[in-house]
Amino acid sequence: MYGATGIDRHSILGHDAAVALSVDGELVAAVEEERLNREKKTSDFPANSLRWCLNIADVRLDQVDAIAFPWSFSSDVVNAMIQDISGSGLPVEQKFDRLRRFGELYGGLVSKEALHADFKQRTGYDLPAEKLVPVPHHLAHLMCGYYLSGERDAAFMVSDGRAERLSSVMGEVRDGEVRLFEKSAISVNHSLALLFGEITRYLGFMPNNDEYKVMGLAAFAPPPSDNPLLRHVVELHEDGRYTLALANDPSGTRGYYPLLDRLFGGDERRREETEFRATVAAAAQQMVEVVTAHQLRALEADTDLTRMIYEGGLALNCVNNAKLLENSRFTDIHVSFGASDPGVAIGAAVYAGRLKGRSRPIPATPYLGPSYDDGQMLRALHEHADRVEWTELDEEAVAEQTAKLLSEKTVVGWFQGRAEYGPRALGNRSILANPGFADIKDIINIRVKHREPFRPFAPVVLESEAERVFEMGKKASSPYMTFVFPVRPEFHDVIPGAMHVDGTSRAQTVTAESNPKLAELLRNFTELTGVPCLVNTSFNVAGEPIVCSPTDALGCFLHTEIDCLVLGRFLVVKK
């Protein structure tokens, strides 16, 4: 057996601590630490995740052949970063301050010695030096997308907030060999994703968490005919490159506040107004679309491959993904369920396995987390017996009974099988509802999710029905909610609860092979109602991680106005 474990502990580098385990080239387990310690976007050492992954595979730490970490600060990288700081246009005092802070980061956290010491302290295991494999961050992103897309030749673009020195890279993978197009690389100082994060902060949301809110809000205003961000903030260059204003501003990212106020006529009061927020959001969304399309044109010119892999935090902008695909010559763009930073744990494990010649791509599944048997569910139910009552259903009756509940204006918590990996609920830890009711969005937003009323909900649909309901374009399927599609006009009045204000939906397609229980539920629901989709949103409330265990599910159920909970084959209602 060859085991490779990818551990992502971002700490001050970021967020989304997680562990993935690959055995003999097969990804067998992955879980984000937030699902187990219940701290949203946690950056703590993923001790719970590591313990669970090892237990599920029945292996000990000393049996694992490699521990991969999805950051690599080699001597060459460190020297280049020091030169970047020294050669910047910052005042001398600012240079010394950045060098000091980088020295503390390197010595205390990301050097190989620091990684080894931290791992030993947190696990008690003295990891042999040869087993610790630092993996460049963007390479970990790429390996995640490459593995999950079937390890086929493809061009690629990775774009996120930051890696070691860069924020975006492009290239191609042929016969398993990665080639970077270095002329198109974008420095961290000019990170489009970090700029989008600062606009997120400017609009009163949380960067590294709420960028999707800005994307959703953008649909409430027309894109500007003369975008001030494209005139004054972003400058496009040849080879797909671009630069940003204020990249080396000594005041830091907050320097964008006065600039954005000046460009949009903003102030503290106006930033609270929905109309102003939508105007800025529309400009920010258009900026992302223009800049990434500029990159894609350069990528198309440098490769003859027809498939593309797109990974990194910016690849979660599903509105942009659909436009990139339809306006390019690529026949398909693959955006995985691990496109954002949870995916680098998968990519690091895959990379470490490939170093040993162990690679066995299998059909991708996001259902890699914990599952619970009937006994564990019953124990959790009995612990809440003073507040809930339940009916035990036959397996074949679960879909039929749930479909009947969903035929009415009923909100159902749906808890089945192994937990999904990544930021999206993909049908195992979901809240489901009937999209035929136009006001179901308001009911879920206000009574259940406790979130902003402008937020849309995604539909889940059988893959065989998708083309009938949505204008799928080049996509035959969209299993991970990473693309947006126009709803066909004849279905606008059929699924109003799963359609955004602009007439689009972030659809998830399902097959009997990818998720048998959810597919069976969709078949029963469609036969009963004639409605071909269900609303599918994550089983949590705003600010909390998606539920993982039966206890988590019951806690969320009891503290919201979810009407029913289908916990495995137990139909649960409140007393």
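## Strands and their pairing

Two strands pair if DSSP finds at least two bridges between them. Strands (E, at least two residues) and helices (H or I, at least four) are DSSP runs, numbered from the N terminus. This is a predicted model: local features need pLDDT of at least 70, side-chain atom pairs count only at pLDDT 80 or more, and totals for chains, interfaces and linings use all residues. Residues are numbered from 1 along each chain as its sequence is written, and side-chain values use heavy atoms, with hydrogens and water left out.

Strand S17 (residues 458-462) pairs with strand S21 (residues 533-538) in the antiparallel sense, over four bridges. Alanine 458 has asparagine 536 in S21 as its bridge partner.

## The eight-stranded sheet

S17 and S21 belong to an open sheet of eight strands. The order is S14-S23-S22-S15-S16-S21-S17-S20, and the pairing is mixed. Strand S14 (388-392) and strand S20 (508-510) stand at the edges. Each has a single partner strand, so one side of each lacks a neighbour in the sheet.

Two helices lie across strands of this sheet. Helix H15 (residues 395-406) lies across S15, S16, S21, S22 and S23, and runs at about 155 degrees to S15. Helix H19 (residues 550-558) lies across S14, S15, S22 and S23, at about 170 degrees to S22. Axes are lines fitted to C-alpha atoms, for helices over the stretch in contact (heavy atoms within 4.5 Å). Angles run from 0 to 180 degrees between N-to-C directions.

## Leucine 462

Leucine 462 lies in S17. It counts as buried because its relative accessibility is 13%. Buried means under 20% relative accessible area, exposed over 50%, partly exposed in between (1.4 Å probe, protein chains only). Leucine 462 touches Val510, Ala519, Leu522 and Arg523, not counting residues up to four places away in sequence.

## Strand S4

Strand S4 (residues 66-69) is covered on both faces. Ala66 and Ala68 are buried on one side, Ile67 and Phe69 on the other. S4 pairs with strand S5 (residues 132-134) in the parallel sense over three bridges. Alanine 68 stands opposite valine 133 in S5.
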